[in-house]
Amino acid sequence: EVTINYRHGLPVITLTLPTRSERCQFTVKPMVTTVGAFLQDVQREDKGIERAEVLATDGSKVSDATSMELLLMKDFKLVINNTAYSVSPPVKDKLSSEHATEMEDIKSVVHRLFVALHLEDHQIRKERELLQKLDHLKEELLPLEQMKARITESADAKTSRLLWVGLALMSTQGGALAWLTWWVYSWDIMEPVTYFITYGSAMAFYAYFVLTKQDYVYPDAKDRQFLHFFYRKSKKQHFNVERYNKLKEDLAEAEESLRRLRQPLHLRLPIQEIRDKD
């Protein structure tokens with residue numbers, strides 16, 4: 001015969017061991033213990049048990065992963081070797097609302113105590129992982145940063161030269177128009193020429209807008225030309241821009257995680273400790 005009684009809120013399963021023919025009690029924790037763990041405890045207690053399993057009332061096998069809490073909610077059969085025992089768990093008294101509230105408070109206190117005892121170890125382990133990740137990312141970024149600095153310097157120099165060339169061409173054009181107007185021809189002849197030059201410039205600006213979908217603003221045009229030189233130089237130098245950007249994003253994310261991890265409020269330190277750290 002297999003009996004179940006509750007002691008101190010925990011179910012105690014009493015059964016007869018086949019080899020020694022003696023009664024043995026097994027105290028289980030319903031929310032933690034599974035059917036498989038309970039059966040292993042039974043077999044460990046009596047080495048002569050070759051077969052131990054739990055069946056539902058309809059004869060279907062109950063999974064070893066099922067918690068004992070679910071199993072004890074209804075009748076079942078416990079099979080030991082070739083003997084099947086019908087088990088009827090007693091109906092557990094329902095807790096009063098006041099008692100239930102007290103139990104929830106106790107669970108909350110236990111949870112906070114567990115967090116307080118293990119939080120520091122978790123914080124230290126997490127911080128160590130983030131620091132190792134930061135060192136690894138910085139080590140990978142170092143040669144890329146050096147290469148990027150060289151490419152940026154080269155692209156910036158080419159962009160500056162291009163701007164000075166543009167200024168020189170505009171100055172040359174202005175001087176040539178002035179020379180043709182006052183020394184070679186008259187304004188009556190040069191006026192249509194300047195008109196078509198102005199109209200041609202307007203067409204060039206409109207073509208820029210059609211190609212880039214942006215207005216011709218000098219700072220934006222300078223940045224666009226800089227990026228053109230930068231990517232062309234990167235391709236020649238085999239500089240992986242996508243990989244560099246990905247590493248920079250990972251580095252920023254790791255630094256932000258480390259900053260949040262080291263915040264006193266995230267560490268849940270007492271107010272006095274937070275003030276001392278400030």
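K246 and D250 sit 4 residues apart in helix 6 (residues 241–261), so about one helical turn separates them. Helices here are DSSP runs of H or I with at least four residues, strands are runs of E with at least two, and both are numbered from the N terminus. The two side chains meet in a salt bridge, 2.9 Å from N to O. By salt bridge I mean a side-chain nitrogen of Lys or Arg within 4 Å of a carboxyl oxygen of Asp or Glu. K246 is partly exposed, at 46% relative accessible area, whereas D250 is buried, at 18%. Buried means under 20%, exposed means over 50%, and partly exposed is in between, with a 1.4 Å probe and protein chains only.

Before I go on, the source. This is a predicted model, where local features need pLDDT of at least 70 and side-chain atom pairs count only at pLDDT 80 or more, while totals for chains, interfaces and linings use all residues. Residues are numbered from 1 along each chain as its sequence is written, and side-chain values use heavy atoms, with hydrogens and water left out.

How many salt bridges are there by this rule? The count comes to 7. One of them joins D41 to R44, with the closest N and O atoms 2.7 Å apart. Both residues lie in helix 1, 3 residues apart, about one turn of the helix. D41 is partly exposed, at 33%.

Staying with helix 1, residues 35–45: its residues V35, G36, F38, L39 and V42 are buried. They cover an arc of only 160° around the axis, which puts them on the same side of the helix. That arc is taken from the directions from the helix axis to the C-beta atoms. What covers these residues includes strand 2 (10–17), strand 3 (22–27) and helix 2 (68–71). Contact here means heavy atoms within 4.5 Å.

Next, the surface. W179, W182, W183, V184, Y185 and I189 form a nonpolar patch with about 790 Å² of accessible area together. Such a patch joins nonpolar side chains (Val, Leu, Ile, Met, Phe, Trp, Tyr) within 5 Å, from residues with over 30% relative accessible area and no salt bridge. Areas come from the Shrake-Rupley method with a 1.4 Å probe. Helix 3 (residues 97–184) gives the most to the patch, 4 residues. W182, found in helix 3, counts as exposed at 66% relative accessibility.

Last, the record. An unreviewed UniProt entry annotates residues 162–181 and 193–211 as "transmembrane region"; such annotations may be inferred rather than shown by experiment. In the model, residues 162–181 are 100% helix, with end C-alpha atoms 28 Å apart.

Technical notes:
Patches are made of residues with over 30% relative accessible area and no salt bridge: like charges are joined within 9 Å, nonpolar side chains (Val, Leu, Ile, Met, Phe, Trp, Tyr) within 5 Å.
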